[in-house]
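Q: Please take a close look at the aromatic pairs in this predicted model. Which rings pair, and where do they sit?

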Amino acid sequence: MNPSIVGVGTSAFGRFPTARIESLAHTAIVEALDDAALRPGDIDAAYVGSVFGPAGIANRVLAGVGLAGIPVYRIEAACASGTVALHEAQRAVRTGMHRRVLAVGVEQLSVVFDGPIVPEPTDPEGRSGLALPALYALQANRYLAEHGLDPAVLAHIAVKNKFAGSMNERAHLSGAPPSVEQVLASRPIAGPLTLLQCCPMTDGAAAVIVGDGTEGGVPILASSFVSGPAWESGSDEPWSMRTVSAAASAVWEASGRGPDDVDVAEMHDAFTIGEILTTEALGLAEPGMAGRLAAEGVTALGGRLPINPSGGLLSRGHPLGATGLAQAAELVWQLRSQSGRRQVDGARTALLETMGGGAAGVDGNACVVALLGGDR
Amino acid sequence: MPSVTVEPADPRPLVDGDVVVGSRCTGCTRPDAWQRERCPACLGVCVSERFGPGGIVWSSADVHLAVGHREPPFTLAQVDLDDGPRVLVTVRPTGEVPPGTRVRIVGTDDGDVVVES
């Protein structure tokens with residue numbers, strides 16, 4: 001079977017502490033079902049990504065929209081939870097196990113944390129104070145030193161993605177984009193990362209329905225899921241790069257395509273340095289060049305290779321378990337020419353990447369890379 | 001859901017004076033910051049080994065958020081201990097130090113490994 005995406009949907013993204021978490025997911029699932037012109041009884045199985053959702057959330061979410069009595073799997077892969085759900089959904093279809101599979105991601109961070117995510121105290125690095133902005137700040141300082149670059153290269157990513165996000169009515173932060181100077185002058189968070197270079201804590205949900213290709217839809221040319229290898233002493237590569245590169249290589253090999261075939265990409269920009277490292281690990285830019293591509297407009301809307309036209313995690317927000325499926329929804333809208341003012345002209349092949357989390361000594365918990373569309 | 005008051009085991013590396021008491025694989029020689037019985041790379045048998053006090057900063061960053069008992073700003077660094085593992089440490093005095101800087105373990109602060117440049 002050749003899996004394709006036949007329906008997508010999302011909630012709005014923002015802070016919704018008084019909403020029931022189920023209602024966020026229901027908005028996304030109903031939109032995806034309507035988009036695919038399917039009914040709940042047409043769905044054969046469901047994969048639900050959530051990191052901090054309560055116990056039983058998968059069945060609670062699904063039962064509320066008539067999706068009971070089917071195989072249901074909850075997936076936790078940190079920030080990549082939703083993308084792993086999509087990967088498993090397409091795999092279930094590709095192998096012939098099911099015909100139509102729902103992938104859902106949902107998160108309500110506003111009822112779990114007052115501020116940033118609290119590092120996990122049973123993880124050695126979490127217990128040592130390594131909050132996620134600090135993890136990325138360590139990579140940023142290493143990257144800037146390695147390539148002799150100024151922190152302004154990071155700020156260009158924030159300006160670019162917040163400009164795109166200002167045109168996304170579903171985004172958590174859709175206000176007027178800041179200047180490079182405003183990004184750099186915003187409150188310091190960790191290392192060179194300032195407040196405007198960090199994604200917001202976001203609630204929201206997203207859903208994708210994968211079909212078997214016989215009912216049309218956006219083809220999933222290839223999808224790869226790699227969990228992080230050990231990150232050893234002596235490794236010169238910043239954290240996560242080897243994992244992203246491995247996932248990307250598998251996608252290029254499986255699809256027979258390469259970085260030059262990509263028209264638009266959504267990738268993990270929880271922090272500005274994340275997009276820079278990922279762009280390079282995916283092979284979309286030479287080492288040390290991703291920031292310059294943003295500054296020169298190459299990876300901005302209207303450029304040769306727009307990255308994060310949704311506004312990315314920096315603007316749309318980062319509802320952990322939902323993020324990967326929100327990225328997929330954006331790319332489907334782009335490939336269908338349904339993205340309105342942020343439409344990438346002529347987008348035919350789209351690349352999706354999500355990087356998930358950190359655990360001590362491991363080069364990232366999980367990374368999924370997928371290639372969508374592909375009309376030549 | 002029952003509540004518990006048991007403090008989970010401290011997962012941070014064990015420090016004795018100015019060295020990390022970790023382990024090394026007798027098979028592939030991989031160093032580890034923790035006292036493991038079997039090597040996570042090859043499943044070989046590990047034996048205890050002390051690493052440090054010297055090492056090289058891979059990267060460091062000032063943190064401007066309160067994290068646990070740590071009040072901002074404080075500085076974290078990834079340090080490759082000499083012929084040893086990469087460990088996450090707190091830098092004293094607070095302030096970023098460039099990659100490649102030599103540092104030395106000087107002890108712990110409430111369980112965090114502390115280095116000075």
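A: A:Tyr73 is partly exposed, with a relative accessible area of 36%. In this predicted model, the structure holds 4 aromatic pairs over all chains. One of them joins A:Tyr73 to A:Tyr47 as a stacked pair, with 4.7 Å centre to centre and 15° between the planes. The two residues come from distant parts of the chain, 26 residues apart: A:Tyr47 belongs to strand E2 (residues 45–49) of chain A and A:Tyr73 to strand E3 (residues 72–75) of chain A. A:Tyr47 is buried, at a relative accessible area of 6%.

Another pair is formed by A:Tyr136 and A:Phe271, with ring centres 4.9 Å apart; the planes stand at 35°, so this pair is tilted. A:Tyr136 is in helix H5 (residues 132–147) of chain A, while A:Phe271 is in the loop between strand E9 (264–266) and helix H9 (272–281) of chain A, so the pair ties together parts 135 residues apart in sequence. A:Tyr136 is buried, with a relative accessible area of 6%, and A:Phe271 is buried as well, at 7%. Ring pairs link these two residues and A:Trp239 into a cluster.

A:Asp363 lies in the loop between strand E10 (349–356) and strand E11 (366–373) of chain A. A:Asp363 is buried yet has no salt bridge, and the nearest side chain of opposite charge, A:Arg242, is 4.0 Å away.

Note on methods:
Residues are numbered from 1 along each chain as its sequence is written. Chains are lettered from A and ligands numbered from 1 in the order in which they are written. This is a predicted model: local features need pLDDT of at least 70, side-chain atom pairs count only at pLDDT 80 or more; totals for chains, interfaces and linings use all residues. Side-chain values use heavy atoms; hydrogens and water are left out. Helices (H or I, at least four residues) and strands (E, at least two) are DSSP runs, numbered from the N terminus. Buried means under 20% relative accessible area, exposed over 50%, partly exposed in between (1.4 Å probe, protein chains only). Lys and Arg count as positive and Asp and Glu as negative; His and the chain ends are not counted. Rings of Phe, Tyr and Trp (its six-membered ring) pair if their centres lie within 6.5 Å; planes under 30 degrees apart count as stacked, over 60 as edge-to-face and the rest as tilted.
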